[in-house]
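Welcome! Let's get to know this structure together through a few questions and answers.

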There are 2 protein chains.
Amino acid sequence: MLKVDPTLIKDLKAFSGLEMAELELMLGEAQSSYFAKGDAFFREGERATRFFVLLDGYLQVVRTTENGEQVIMRHFAPGEVFGIAPALQRETYPANAIAVADCVALHWPNKCWEDFASRVPRFLKNAHGAVGERLNASQDRIIEMATEQVERRVARAVVRLVNQAGKKTEHGIRIDIPVSRQDIAEMTGTTLHTVSRIFSAWASLGLVEVGRQKIEVLSAHKLVTIAEGH
Amino acid sequence: MLKVDPTLIKDLKAFSGLEMAELELMLGEAQSSYFAKGDAFFREGERATRFFVLLDGYLQVVRTTENGEQVIMRHFAPGEVFGIAPALQRETYPANAIAVADCVALHWPNKCWEDFASRVPRFLKNAHGAVGERLNASQDRIIEMATEQVERRVARAVVRLVNQAGKKTEHGIRIDIPVSRQDIAEMTGTTLHTVSRIFSAWASLGLVEVGRQKIEVLSAHKLVTIAEGH
DNA sequence: CGAAATGTTTGCTAAAGATCAAATTGAATG
DNA sequence: CATTCAATTTGATCTTTAGCAAACATTTCG
């Protein structure tokens, strides 16, 4: 349980447009917790009891098929709400939320949701807006899976990772979380073998520099070209 | 503009749990319109001005890629809300909504949304629940596209169509809307050729009877077996 | 440090589907 | 009824990508 200063978080997306008084009201009801890399915020099918805002770190939302295959649905960066079952009239969490870096998150018991509906309506609006974006993103991904082939899907996944977790380096941009070939495969619906081959090809074109759980993009522009196909 | 009797629609999913007075309040603000097969309720990118509840008929939500390929995102049957941009803080509609059979729909200007938020809260809850289901369905479809091969995806699409628009016949269940091979291809991310081959194979196993824009399932059980793979 | 464990690369082969081309069927229309 | 048009089927071929196997590299840990 950490103490959180409202001025530090007022610019987070989830709290955008909130009055300082509203933010303090919310913080008064919040718990904050630390989740180590690898920890689960919640698991698929588990009864949903609380909702979260990520303050620091990075997390993955993953679903597992009956055959034990994993599909990485998306990543969340600081400032995002997640686990907002009450916004969707859900009883259970629909997926696993796993910290892929050490994380700090605020969370509230679900009963606060109704309470905030009247007292911090802007927070609910932000959350519903986030839901809309996610629905859009899901549909974009369906279209991508339906119409584009693997290399482009992989390029897009890398571009997304760069946007969410890219850190400038001397020669390019490094993705600041450990991402394996298998992870990329699970994000794009292919195999680690195919991802490895694609990365090798890109590396020999001088487009990226790759290593064990490491991706550094040397020519973001060319990568975007592959991703968007112009 | 048709007159709608509240008792006829009180059992629709969108209105579930509403008091008769609430329903009458909503109907007082509603317009009802007829949309002929092929008409668009709204188009992708268009400014969202109103939200809908389908009373009768059947509609498709379709998105088009830059290359002009179409992807059918989903179908809606009577009782469903759609075009609910205000629920998601959206300014524009994200896709095309096209009547695939003659339709009747109620619709309201967006300003009613805020109004109903206080006066018919249950309607908003229902709508948010529907959003949750759609987000789930989208994610299921991503998983399907990522992990399953074409025959199974096609089988699932046909099962969904049967559930939403199946009519019992002498020998089986016929899908009561015209669905071409191309349509199925756009629902599953494949080509009409592959769909045609799959249908031919199923037909020769006595599993379905197919024709021009016609699908009749003779053995729903076997089809589900293919769809779920047991 | 040496041994395991884990992640990655790469060659080879095979299968799933896409693409191209052409024939066929069925419906619709004048 | 003949003609046209759209939907469908089917064959042949070509690509893409999965699957398997083995080697290789890097990290971790006893």
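Q: How many residues surround DNA strand D, and which are the closest?
A: Keep in mind that this is a predicted model. Both protein chains take part here: the closest residues include Val150(A) as well as Ser200(B).

Q: Which helix gives the most to the surface near DNA strand D?
A: Helix H7 (192-204) of chain A, with helix H7 (192-204) and strand S11 (208-211) of chain B, each supply at least two residues of that surface. The one that gives the most contributes four residues, and that is H7(B).

Q: What share of the atoms of DNA strand D within 4 Å of the protein belongs to sugar or phosphate?
A: Contacts of both kinds can be found. A base oxygen of DNA strand D is 3.1 Å from an N or O atom in the side chain of His193(B), while a polar side-chain atom of Ser196(B) lies 2.7 Å from a phosphate oxygen. Bases make up the rest once sugar and phosphate are counted, and the sugar or phosphate share is 65%.

Q: How do the residues of the surface near DNA strand C divide into nonpolar, polar and charged?
A: This surface belongs to the 20 residues that surround DNA strand C, with Arg212(A) and Gln149(B) among the closest. They divide into three nonpolar, twelve polar and five charged.

Q: What kind of axis relates chain A to chain B?
A: Chain A can be laid on chain B with an RMSD of 0.0 Å by a turn of 180 degrees, with a shift of 0.0 Å along the axis.

Q: Which residues touch the most other members of the largest nonpolar core?
A: This core has 58 residues. One of its members, Phe123(B), is in contact with residues including Phe15(B), Met26(B) and Trp113(B). Those that touch the most other members are Phe15(A), Trp108(A), Phe123(A), Phe15(B), Trp108(B) and Phe123(B).

Terms used. Residues are numbered from 1 along each chain as its sequence is written. Chains are lettered from A and ligands numbered from 1 in the order in which they are written. This is a predicted model: local features need pLDDT of at least 70, side-chain atom pairs count only at pLDDT 80 or more; totals for chains, interfaces and linings use all residues. Side-chain values use heavy atoms; hydrogens and water are left out. Copies are superposed by least squares on the C-alpha atoms of residues with pLDDT of at least 70 in both. A nonpolar core is a set of buried Ala, Val, Leu, Ile, Met, Phe, Trp, Tyr and Cys residues joined through side-chain atoms within 4.5 Å. Buried means under 20% relative accessible area, exposed over 50%, partly exposed in between (1.4 Å probe, protein chains only). Contact means heavy atoms within 4.5 Å. A residue is near a molecule or strand if one of its heavy atoms lies within 4 Å of it. A polar contact is a pair of N or O atoms within 3.5 Å; within protein, one must be able to donate a hydrogen and the other to accept it, and residues adjacent in sequence count only if both atoms are side-chain atoms. Ala, Val, Leu, Ile, Met, Phe, Trp, Tyr, Cys and Pro count as nonpolar, Asp, Glu, Lys and Arg as charged, and the others, Gly among them, as polar. Lists of a residue's contacts leave out its neighbours within four places in sequence.
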